[in-house]
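Dear colleague,

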Amino acid sequence: MTSPPTEAVPTEAVPTETQPTETQPTETQPTETQPTKTQPTEPRLAPVAPMRVVGQRVSHHDFVDKVKGSLHYAADWQLPGMLYGRVVRSLVPSARIVSIDTAQAQAMRGVAAVLTGADVPRNSLVERASGGLGELLVPMPILAADRVRYVGEPVAVVAAVTQQIADEAAELVAVEYEELPGLFDMEAALEPDAPRVHDEGNVLVNWHIARGDVDAAMAAADVVVEGTYRTQHVEHAYLEPEAGVGWMDHDVVTVRASTQVIEHAAEIAEILDLPANKVRVIAAYMGGGFGGKEDMTVEPFIALLVWKTGRPVRMIWDRQESMLASTKRHPFLMRYRTGARDDGRIVAQDIDLLGDAGAYPYLSARILFAGAALSCGPYQVPNVRVRARPVFTNNVPTSAFRGFGAMQVTFGYESQMDRVAAALGLDRGEVRRRNFLRKGDLIPTGETLDTVVAVDETLRRALAALGEPSPPSAPGRLVGRGFACNMQPYGRTIWFRDRASAWLTLQADGTLLIRSGVTDLGAGQAASLCQIASEMLGVPLGDISVYIGDTALTPPAGGTFATRQLYMSGNAVLNAARDLRANLDPVAADLLGCPAGELNYSGGLVRAGDSADAKGVSLAELARACDAQAVELSCLSTWRAQAGTFDPATGQGGSFPDYTYGTHAAEVEVDPETGEVRVLRYVASHDVGAAINPMRVEGQIQGGAMQGLGYALTEEIVLEDGLTASSLFSSYFIPTSLDMPDVQVEIVESGEGKGPLNARGIGEPPLGPVAPAIASAIADATGCRPTRLPMTAERILALLDEQAGRP
Amino acid sequence: MVAAPFEYARVGSYDDAVQALSAYDEDAKLLAGGQSLVPMLNLRLVRPTVLIDINGADARAPHLADGELVLPALTRHVRLTTDPVVSGHAPLLSAAVRYVGNVRVRNRGTIGGSLAHADPTGELSCAALALGASVIVYGPEGARVIPAGELFTGFLGTQLAPQEVIGEVRVPAWRPPYGWSFQEVARRASDFAVVAVAASVQADPGRGLIRQARVGLAGVADRVVLADESAVGSLVGTRPTDAELAGVARAVAEATSPDSDVHASGAYRKRLVAVLTRRALAEAISRADEAEAA
Amino acid sequence: MSAEQNGSEPGRSRALVTLTVNGAEREAWVEPGDLLLDVLHDEFGLGEVRYGCGEGVCGTCTVLVDGEPVSACLMLAVQAEGHAVTTLSALSGARDELHPLQQAFLRLGGSQCGFCTPGVILTAYALAQRFEARGSEARAPEARAPEARAPEARGSGAPTRDEIRYELVGNLCRCTGYTKILDAIESYLAEGPEGSR
């Protein structure tokens, strides 16, 4: 534990990220100090005993600003002399750049800069996504200089005094292309004579996971079920398009952007050939991220323009630009062979995953690994062989999207479980129950599960909540029910020795500052830290200010992805709070004349015990007493996740720290004449270990289920020869308020989890089960099983036709 | 993206609008509700040099005249749901407009603008065809009447000359017993139609036989179209059974040849035409029966 | 409306317009093509009116014009002259306290990333005003111009949850799944017009 150097509050015009102006009154309940452990406790399914702040449905901090509309997002920032930026993008999917003529653009009045690859000091980024476990190292230019590999690839960038002039100048940049053969199909990418997207080869990495003897087990199986499943490109479609504002602060390139990862500051420095301390990235609260703001988006372009012009620059991507060119979710082609015994026990899984990485690697290597590692789902599978390969194409690049590979495979393994049940004449739920993993079991990577697996409880709760079957709404409509179980990692792949730091400072008047490098996606990343600190230190929520996401001013917490922030930063704050308590307790015990173990911190006071008339002092008095004794009130703590390694040769080793399990159940109605599918009822149940804020947990589950619904039924980025059929937002069908009934949430709290206070992450888990639950319900209603997403009405009608023998 | 720059002029009458259009010729566009035009401006899909704002050209409300429902072209979509004159005399329009966009689109969008935009999936255009509506068009040579069935000439195209503007939509009275129905399949709630069918049916009082029927189709061609008139016409003078209705609907579908696009294939659209036409006719006849009984 | 060349760019005429925003008159120099969205956000610094799509599809830029929701990205600034424009900040009280509708959103978790929130709340607010007007119309049935906040043709009473869904179908949200948004609006409507407003 180190004491950070005392630092004056910065004087530049950086407003505080949040000023809590209003809090909901927290119910005072008899306090029960939760044992502050970070190791999993004994398993139990009963809810965790109520705490004062943690576990409450409170809304505070940034949420207040959000309902007022006063939160400053990335685009809500103006500086004197600000310029407006626009990226110039390739119109062709595969070509050599013959020439780029910027003369006309530069000559326009009001244009401050037109930059191409030649203007970028180091015009190349290499993503080392898997940490050197065998993937190709493929460079990606910031501004394409000799070749373009996808429609929308940046080739130039413009800054001008108005957005309109920037847009017009961008149109005047003349690029001459010599088109090259393009590759647009994943399977074609594997052909030996396929066009090469990159000279290094089309297969980015070849993952293997293997345990046992799959061939022998398959041969001995009573039934082998085969299935091929295809999923589509989808777009994050956050309501806030990519945006940011940059400026020179003395000689520091400063970028304030809507970003999940401020650590990209290091790459910006590399690109500009600057020392790392000359770049600063500040994360604005995001209007949604979902993984689409996990890689750099506007940051390198803003930084370039700022650095070149010396002036502030704002860049907001058009929605249509974002639809066209921002990274998407990997389409997966999944081939499953599942071997089972007559009693439904799975004996073997043989799985092949192919993912369309698009034109550049980004995070594809990791995503296919996550898919591979999770490809068997929450089931005991003694013999496993998984191969997973991301391949390059000249399609739009794909990268992180909530679920990260482990989401797509849910459609594969759950469809297979249904099929095994059907092949054996067994109940779908019974087959699953007979195979569910348990604590202590081995998973395909050879690791042992060390927290409780409560998936069976989530299955029980989800099915129970579905209630009585609904009658058809009109004659001829078909009603059916389905469900799906999943397992989603939380926390980053353990090869990366993940860590997060948090810095807590108790002020002289008893108020608290939290500084954390965390970035906030809108899911309460920052607010949850306040809740935890409030619980531990008794500082009322209204007396806590939280500052986040600034490479200069907050201790690094790593990016907000992989459902890791509650696990990592939550634990970091918890630890920092415990460190602070360790400093405060002796002083408080002395002041109050009681043993430290009886101290009760709540409501801005520390008291000698739980009873209402116990003697107490205010936190301000305690702070003064500490100061008088030179006891440190400012604690920085670094939480380090468990580390591990994976051996690509054996296909065994470490993968993820832990998992969140869940089950979704759906009732649908199919119109067999039009193929339309309507969801009548939907229940989602997840074991979150312990709910830090049940309302936010519900919100994550409901929102995630809705995103999963779009993925299941309506969303698709349609690409033909690398060109998107439509980049209009009106052509991309994210669900509306009328597209789904209310998602009923059943929270299970097993009491075990590696997050703070035994919590598990909940950001990503709710997406995976949706598509397979609905497919299962459609199969129940019609007898047809969709194997391709999205399950549009037209595709359902085609399945019905096939079943009926209609041409 | 920011629109290419243009000048802006506001006119207070249709005469002024026609004059302005004549003055600026090909480079001018009329601005009414803006719900179709302004997105295209924002995306630089159109680049007029002048925008002529006609929102102030006509403040009249929908009203009846000579047995017809007169809808000023600037009638906002929301008015079609809330005005009892409209819901009383053209309930098919009130029903169709509920599928148009969302509350914001309906607050600003106008029926004249919708028809002039000539979207082949347009719900109001489709309903106008089924109702046998006409538009009154103002131009340099004065006013002329164009039946809805002759208005649409192709993808986003009408027979309006560059200096012409739609001033009114007129809907003839459909005498009771009268029934109607609007059916739509969309990819997502509130979205543009994949296929929509509007049916308007007048029955013979007392005998339940169909006296007149018109069916409009959207999403099946480069423009909204009337369903095959011999197929629909075969219903006149009859009291169709379910099987006969299905047969008519199939014939209507067979007479279409929809193209495929990213949202649906032509074959699927054709299937939808058969299903939705059958449902629309059945519901319209059923409503006519209820009107008779009432 | 007079156009004055002020020498900024050739062929672009700027005009001084006066907009009534949240009850206060504000002036801005605008070009004909300037959208109401950009003037409100960039010129007047109203960060709660946000760009989401530029197509009028997402609802993020929703403002009230004469009390009814419109897409600020589909209205030219010059068109707003002479009309009352309302943004979310109008709902907060004189001392910046939360409107009961905002309180409901906060209490029930109707906002996650918050980006869609101003558009959603304004749309809900307009819906509530319309039904309140219909309620008072039922109590005092004098003739009212049909344009002014005319109710949907339906029986009296607060909107059902499905009707609220329909009203909100054009306000896209990617975070909440809509359930808590609907909960908040229902809760607010249930408080009645005599609630702490």
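Two residues are taken to be in contact if their C-beta atoms, placed from the backbone, lie within 7 Å. On that basis, 39 residues of chain C meet 45 residues of chain A. Before going further, please note that this is a predicted model, in which local features need pLDDT of at least 70, side-chain atom pairs count only at pLDDT 80 or more, and totals for chains, interfaces and linings use all residues. Residues are numbered from 1 along each chain as its sequence is written, while chains are lettered from A and ligands numbered from 1 in the order in which they are written.

Confidence

The predictor assigns the complex an ipTM of 0.95 and a pTM of 0.93. The pLDDT, which is the predictor's confidence in each residue from 0 to 100, averages 91 in chain A, where 94% of the residues score at least 70. Residues 1–50 of chain A fall below 50, and this stretch has 89 contacts in the model beyond near neighbours in sequence. For chain C the mean pLDDT is 85, with 80% of its residues at 70 or more. Residues 1–11 of chain C have a pLDDT below 50 and 13 contacts beyond near neighbours in sequence. Residues 139–155 of chain C also stay under 50, and the model has 16 contacts for them beyond four places in sequence.

Contacts between chains

Helices (H or I, at least four residues) and strands (E, at least two) are DSSP runs, numbered from the N terminus. Returning to the contact of chain C with chain A, which takes 39 residues from chain C and 45 residues from chain A, at least two residues of the chain C side come from each of helix H2 (100–108), helix H3 (117–139), helix H4 (161–167) and helix H5 (179–191) of chain C. H2(C) supplies the largest share, four residues. By class, this side of chain C has 18 nonpolar, 15 polar and six charged residues; Ala, Val, Leu, Ile, Met, Phe, Trp, Tyr, Cys and Pro count as nonpolar, Asp, Glu, Lys and Arg as charged, and the others, Gly among them, as polar.

The contact of chain A with chain B takes 19 residues from chain A and 17 residues from chain B. Helix H3 (163–172) and helix H17 (793–804) of chain A each give at least two residues to the chain A side, which has six nonpolar, seven polar and six charged residues.

Domains

Domain bounds come from an automatic or database domain assignment. Chain B is assigned domain 1 (7–53), domain 2 (63–172) and domain 3 (178–293); the C-alpha centres of domain 1 and domain 3 of chain B lie 36 Å apart. Chain C is divided into domain 1 (15–91) and domain 2 (100–191), and their contact takes 15 residues from domain 1 and 16 residues from domain 2 of chain C. On the domain 1 side, strand S3 (62–65) and strand S4 (68–71) of chain C give two or more residues each, and S3(C) gives the most, with three residues.

A sheet in chain A and its helices

Three strands of chain A form an open antiparallel sheet in the order S22-S23-S24, where two strands pair if DSSP finds at least two bridges between them. Strand S22 (599–602) and strand S24 (616–618) of chain A each have a single partner strand, so one side of each is left without a neighbour in the sheet. Three bridges join strand S23 (residues 605–608) of chain A to S24(A), and A:Arg607 stands opposite A:Gly616 in S24(A).

Helix H13 (residues 565–592) of chain A packs on this sheet, touching S22, S23 and S24 of chain A. Helix H14 (residues 619–628) of chain A also packs on the sheet, touching S23 and S24 of chain A. The axes of H13(A) and H14(A) come within 10 Å and cross at roughly 105°; axes are lines fitted to C-alpha atoms, for helices over the stretch in contact, and angles run from 0 to 180 degrees between N-to-C directions. The two helices H13(A) and H14(A) are therefore roughly perpendicular, the term for angles of 65 to 115 degrees. Their contact includes A:Leu584 of H13(A) and A:Leu622 of H14(A).

Backbone details

A cis peptide bond joins A:Leu789 and A:Pro790, with omega about -5°. The bond from B:Pro176 to B:Pro177 is also cis, with omega near 0°.

Yours sincerely

Technical notes. Parallel < 35°, antiparallel > 145°, perpendicular 65-115°, else oblique.
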